[in-house]
Amino acid sequence: MLAVKVIVCLCTYAVAVVAQGVYLQPSGYYWREFSNGHIPSDAVVGGRDRAGNPTYIGQLYGLDFELLPATIIRGSPNATSTRHVSAIQTDKNIKILCSYEPHKFRWIPTIAGEAYKLANCHLVNGGSEVNVSLHIGRVNYQSEVIIGKVFSELSIPYNGVPINFKAFQILAWDCQDL
């Protein structure tokens, strides 16, 4: 009887969490639904615009079942990312990375093709493209810290086109090994 009560309680909690648009990750961060430009109080800052204002880590649903890391700017309903050889922007099907423990995130410098050396760190999964997992990266470019996707190198959207970088920072969670 006790086991049934525990299961019912856990199921009720799970339904309540999903109803609030929160998708829990086992590691202490989660993705919330993002709409109308509203930045949740627990959103994770990922970069800075030219004026020094924070930008946030997003995820957008692309064509062909892609889930792409994206940049979200306060006050804008859009998220911007790169897809294959173009930059894309949308105001639909967006999530924003959140955590009540943002101090556990760490940006680790790396270069293209060497993220495997961070095997002892939990690299934050940013989605997938053409059946390949993507991570979240960033780079300081043109007086901005811009968020992008890590395939093997970092690709960021800039002025409507993707720009690739071989040296960048990659986002890790609770990495103590460096």
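**Exercise 1.** Find which residue takes a positive phi in the hairpin of β5 and β6, and which residues bridge the two strands.

*Solution.* Step 1: the hairpin of β5 and β6 has five residues between its strands, and Gly 75 has a positive phi near 90°. Strands here are DSSP runs (E, at least two residues), numbered from the N terminus.
Step 2: β5 (residues 67-73) pairs with β6 in the antiparallel sense over two bridges; two strands pair if DSSP finds at least two bridges between them.
Step 3: Ile 72 has Ala 79 in β6 as its bridge partner.

The model is predicted: local features need pLDDT of at least 70, side-chain atom pairs count only at pLDDT 80 or more, and totals for chains, interfaces and linings use all residues. Residues are numbered from 1 along each chain as its sequence is written, and side-chain values use heavy atoms, with hydrogens and water left out.

**Exercise 2.** Describe how β6 and β7 are joined.

*Solution.* Step 1: β6 pairs with β7 (residues 86-90) in the antiparallel sense over five bridges.
Step 2: in this hairpin two residues lie between the strands, and His 84 in the turn has a positive phi of about 55°.
Step 3: the bridge partner of Arg 83 in β7 is Ser 86.
Step 4: four of the five residues of β6 (residues 79-83) are buried, so the strand is largely enclosed by the rest of the structure. Buried means under 20% relative accessible area, with a 1.4 Å probe and protein chains only.

**Exercise 3.** Locate the disulfide and state what it ties together.

*Solution.* Step 1: Cys 121 is joined to Cys 175, S to S 1.8 Å; a disulfide is a pair of cysteine sulfur atoms within 2.5 Å.
Step 2: Cys 121 lies in the loop between β9 (105-111) and β10 (122-123) and Cys 175 in the segment after β16 (167-173), so the pair ties together parts 54 residues apart in sequence.
Step 3: both Cys 121 and Cys 175 are buried.

Conventions
Buried means under 20% relative accessible area, exposed over 50%, partly exposed in between (1.4 Å probe, protein chains only).
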